[in-house]
Amino acid sequence: RYYEEELHGKVGYEQVENDANGEVIRTLKEIKGIPGKNVYLTLDSGLQLATEKAMRGNRGAVVVIQPATGQVLAMVSSPGYDPNMFVQGISQKDFHALQDSKDRPLYNRALRGLYPQGSTIKPYLALQGLRENVVTTEDTVYDPGWFKLHNSEHEFHCWWHEGHGNISISRAITSSCDTYFYELSIKMGIRRMDQILEQFGFGALTGIDLDDELPGIVASPEWKTKMRGAHWYEGDTVLSAIGQGYMQATPLQIASAVATLANRGKRYMPYLLLGEQTPSKPYFQQTPIPLEPVTIANANHWNVVIKAMQDVIDSPLGTAYRFGRNHAYTIAAKTGTAQVIAKRGDPNVKDNQNLLPERLREHHIFIAFAPVDKPVIAVAIITENTYMTIDAARDIFDFYLGNKEPGKIVNDNQPTQTEIKKIAS
């Protein structure tokens with residue numbers, strides 16, 4: 001739809017003189033039609049199909065970006081639908097089946113789905129804490145499994161109820177310690193938290209060449225006053241530190257931000273137009289569109305955060321250790337969880353999500369890029385009410401980075417060469 005005018009070109013016509021019977025006597029004027037352009041997309045057809053299959057029909061979205069350019073290599077909103085149903089005119093029955101489905105297949109989750117970032121927000125806040133000298137790599141916080149604000153008895157619990165003990169910023173990222181980031185948020189304040197998030201593109205349109213994108217929310221005291229008619233409290237800041245509360249982002253924004261992280265601050269606008277060609281004229285290549293970079297004066301701060309994200313996968317303490325060891329590429333990642341309903345019952349007892357109705361279970365988020373030294377792929381995955389983001393990510397990275405040796409693929413959910421050729425054609 002975005003490139004409809006370029007694809008269609010201009011219609012030609014003739015102005016003619018007819019006799020009384022409608023027969024053409026002569027042509028008075030002829031305007032030749034102008035063919036539409038050939039449009040080439042950045043999408044990798046094999047990766048697109050592999051990404052669709054990796055979702056296994058679960059609700060959610062995936063966006064895959066090439067960090068060095070901003071090119072979108074794959075974009076999936078699941079479940080989807082067959083657009084060919086609309087070509088000849090869809091029946092009312094089929095349309096209502098799509099429109100009324102609880103799974104909302106007509107809703108583009110990749111562009112319009114607004115989700116809490118969960119703990120995937122933590123690497124950005126860690127960078128800001130280091131940049132602003134609020135913390136150092138040597139500082140530790142004691143995590144007993146909970147956190148209290150001054151003069152308050154309310155406990156904000158860490159996901160690991162036993163507590164992580166004394167924990168540094170690196171291990172806090174690797175193990176996703178909530179208590180550490182509760183403490184950091186109070187030291188840093190919502191203003192500085194918002195600043196780094198906005199610099200990574202949260203709370204604003206990415207500018208991608210697609211219609212209907214939503215900007216998400218970087219919550220602030222002004223935003224809460226305007227939208228909710230209420231004051232901002234320290235508790236709001238605490239919840240924001242773990243990507244909960246009022247913070248919301250689209251999968252596209254989350255993918256664009258992790259691509260910037262992979263680039264150590266270099267930002268590019270995500271785009272789908274690889275190039276275009278007017279018939280009989282030279283091919284035009286779309287060039288990457290740079291955006292305002294994220295500047296961190298001390299390069300080691302990038303190293304600290306990215307190494308901690310590597311340990312998310314490689315360390316037994318990492319929250320994505322189940323990603324597996326048998327991969328022929330380096331990878332940095334972060335997991336996140338977004339609550340669908342407020343926790344009930346004893347706050348010291350972890351929820352058994354399997355006992356909840358499916359649509360009340362937590363959403364899960366996973367961000368990653370690889371290889372770490374020279375990233376060629378950055379991925380954001382969100383799955384609704386199911387914990388299979390890591391499995392999906394393994395499928396995607398294995399496919400794209402060619403890790404297809406026997407016994408090294410997590411499952412047999414890869415597309416066949418026949419399927420790839422079919423979608424490519």
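H364 counts as buried because its relative accessibility is 8%, where buried means under 20% relative accessible area, with a 1.4 Å probe and protein chains only. The model is predicted, so that local features need pLDDT of at least 70 and side-chain atom pairs count only at pLDDT 80 or more, whereas totals for chains, interfaces and linings use all residues. Residues are numbered from 1 along each chain as its sequence is written, and side-chain values use heavy atoms, with hydrogens and water left out.

**Surroundings of H364**
- H364 lies in strand β15, residues 363-370, strands being DSSP runs of E with at least two residues and helices runs of H or I with at least four, numbered from the N terminus.
- Leaving aside residues up to four places away in sequence, H364 touches G336, T337, I381, I382, T383, T386, Y387 and T389, a contact being heavy atoms within 4.5 Å.

- Strands β1 (residues 13-18) and β2 (residues 24-31) run antiparallel and are joined by 6 bridges, pairing being assigned if DSSP finds at least two bridges between two strands.
- E14 has E30 in β2 as its bridge partner.
- The hairpin that β1 and β2 form has 5 residues between the strands, and G22 in the turn has a positive phi of about 85°.

**Residues lining the largest cavity**
- α10 (251-262) and β10 (267-268) each supply at least two residues of this lining, and α10 gives the largest share, 3 residues.

Conventions. Buried means under 20% relative accessible area, exposed over 50%, partly exposed in between (1.4 Å probe, protein chains only).
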